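The sequence and structure come first, then the notes.

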Amino acid sequence: MKSQDVVILLKLVSLEHEERKGGGHPRLDVHREDLFSARGLEASLGISKTEVNASVNRSISSGLAVKDRNSGRPKPNRRNLRDFIVHGLKFVFPGRPGAMTRGVPTAFAAPSLKGLLVSAGEYIYVWPFAKGKVQGQSLDPLFKSVPEAVQKDERLYEYLALVDAIRIGNQRETGLAVERISERLLKNDQR
């Protein structure tokens, strides 16, 4: 398993949500079916088609995804994905805060989560990003293209910020992040 596998699976969850709502991704010039393809995922995530295909195969082998019988496209196994994020991710891909830098806010500093929890920490966490407008303590994202990819997908941004809160949070922060990601993944994200 590689860290980008989680990013790709969460992007697929986001795409499924948009599809259920009947919406598309207006910032991408791609047909709706193509959004789920390796080419569509490459365009939206900045991960090569080869790596997307390898990631999907790893996810299917590990039980984190299945191939949809009707469409043939990869479909995240939300329960298994949630269990991995909650119980294993911080051990396999731990978050290690680094130096102060400019970037994109993550964890509970992300716009969709801001104000939910007053952190005891002095600094916010950011994914390093040259075009970032916020100063904070750096936290490497699960994949290098994440800061760019979340500019195009607010739902993916929320999911990855919650994942970071689980990776680096204390017990209270982690508990709230687990509750929110569980709602999003297991209750069909009714927002």
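In this predicted model, the side chains of Arg 73 and Glu 19 form a salt bridge, with N and O 2.5 Å apart. A salt bridge here is a side-chain nitrogen of Lys or Arg within 4 Å of a carboxyl oxygen of Asp or Glu. By this rule there are ten salt bridges.

**Arg 73 and Glu 19**
- The pair links distant parts of the chain, 54 residues apart: Arg 73 lies in the loop between strand 1 (65–67) and strand 2 (74–76), and Glu 19 lies in helix 1 (residues 3–21).
- Helices (H or I, at least four residues) and strands (E, at least two) are DSSP runs, numbered from the N terminus.
- Arg 73 is buried at 16% relative accessible area, while Glu 19 is partly exposed at 25%.
- Buried means under 20% relative accessible area, exposed over 50%, and partly exposed in between (1.4 Å probe, protein chains only).

**Arg 82 and Asp 83**
- Arg 82 pairs with Asp 83 in a salt bridge whose closest N and O atoms are 3.0 Å apart.
- Arg 82 is buried at 16%, and Asp 83 is partly exposed at 31%.

**Arg 184 and Glu 183**
- The closest N and O atoms in the salt bridge of Arg 184 with Glu 183 are 3.3 Å apart.
- Salt bridges with shared partners join Glu 158, Arg 180, Glu 183 and Arg 184 into one network.
- Arg 184 is buried at 5% relative accessible area; Glu 183 is partly exposed at 30%.

**Basis of the values**
- Residues are numbered from 1 along each chain as its sequence is written, and side-chain values use heavy atoms, without hydrogens and water.
- Local features need pLDDT of at least 70 and side-chain atom pairs count only at pLDDT 80 or more, whereas totals for chains, interfaces and linings use all residues.
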